[in-house]
Amino acid sequence: MWVARHWAVVWPVLVTVLAAAVVGGAGWTLLRAHRRAIGQDRAWRAQEEARARELSMAQVDALSWQEFETYIAELCRRDGCTKVVVSGKSGDLGADVVGYLADGRKLVVQCKKYAPHRSVPSQDMQKFVGTARLEHGADVALFVTTCRAFTRDALGLALRQDIVAMHRDLLGSWAKGAHLETLIPLNGSGGGTRRRPSA
């Protein structure tokens, strides 16, 4: 009865509430759709980046182990490293590539060209840990491989001993143009604590 008598006052309120509910519902639906689209776009971009890395890695996979070491040296030079030398022989005590970063730190690289499905074992990392700094005086010790992973023990050792552990995905990013200095902190701490003056 009250509603009927005061309909002139009630109906604008009802219409406003109903309109607000419709607008709110539509806004929420649009927001959810927008978030879903952003999520799908990010997933697509990640897939495309992974596909691009793999395309670049297909060429790396075709290299011999000697060519792989030379290729890593070329990437170091591309990113501003100086006095880059490739050992290219057995008995190099883990120093396949040696050079200096732009800030003067000595870089020592161990290169392991393994099949993508393999993992770098702890024994390989132990050998590199034992020689990179003691034998070669590395400020930054980089272990780079074409396989997808390091075993848990190998990666744990790399983290504890400040070794940069660069697996296939990071190598793919490096090959696609990412700068070495930006990759050093991403897998293993590996930033190096000592600085040498530029020679």
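I take buried to mean under 20% relative accessible area, exposed over 50%, and partly exposed in between (1.4 Å probe, protein chains only).

**Basis.** I worked on a predicted model, in which local features need pLDDT of at least 70 and side-chain atom pairs count only at pLDDT 80 or more, while totals for chains, interfaces and linings use all residues. I number residues from 1 along each chain as its sequence is written, and side-chain values use heavy atoms, with hydrogens and water left out.

**Confidence.** I looked up pLDDT, the predictor's confidence in each residue, from 0 to 100. The protein averages 82, and 79% of the residues score at least 70. Where pLDDT is low, the predicted coordinates should not be read in detail.

**Positive phi.** Most residues other than glycine have a negative phi. I noted D162 as a non-glycine residue with a positive phi of about 60°. D162 lies in the loop between α5 (152-160) and β7 (163-166); helices (H or I, at least four residues) and strands (E, at least two) are DSSP runs, numbered from the N terminus. D162 counts as buried, at 17% relative accessibility. K83, also not a glycine, has a positive phi near 50°. I placed K83 in strand β1 (residues 82-86), and K83 is exposed, with a relative accessible area of 53%.

**Helix α6.** I checked burial along α6 (residues 168-175) and found six of its eight residues buried, so the helix is largely enclosed by the rest of the structure. The buried residues are R168, L170, L171, G172, W174 and A175. Just after α6, G177 has a positive phi of about 125°.

**α3 against α6.** I then examined α3 (residues 65-78), whose axis comes within 11 Å of that of α6 and crosses it at roughly 55°. Axes are lines fitted to C-alpha atoms, for helices over the stretch in contact, with angles from 0 to 180 degrees between N-to-C directions. The two helices are therefore oblique to each other; angles under 35 degrees count as roughly parallel, over 145 as roughly antiparallel, 65 to 115 as roughly perpendicular and the rest as oblique. From α3, F68, Y71, I72, L75, C76 and R78 meet L171, W174 and A175 of α6. By class, I recorded eight nonpolar, no polar and one charged residues in this contact. Ala, Val, Leu, Ile, Met, Phe, Trp, Tyr, Cys and Pro count as nonpolar, Asp, Glu, Lys and Arg as charged, and the others, Gly among them, as polar.

Methods:
Contact means heavy atoms within 4.5 Å.
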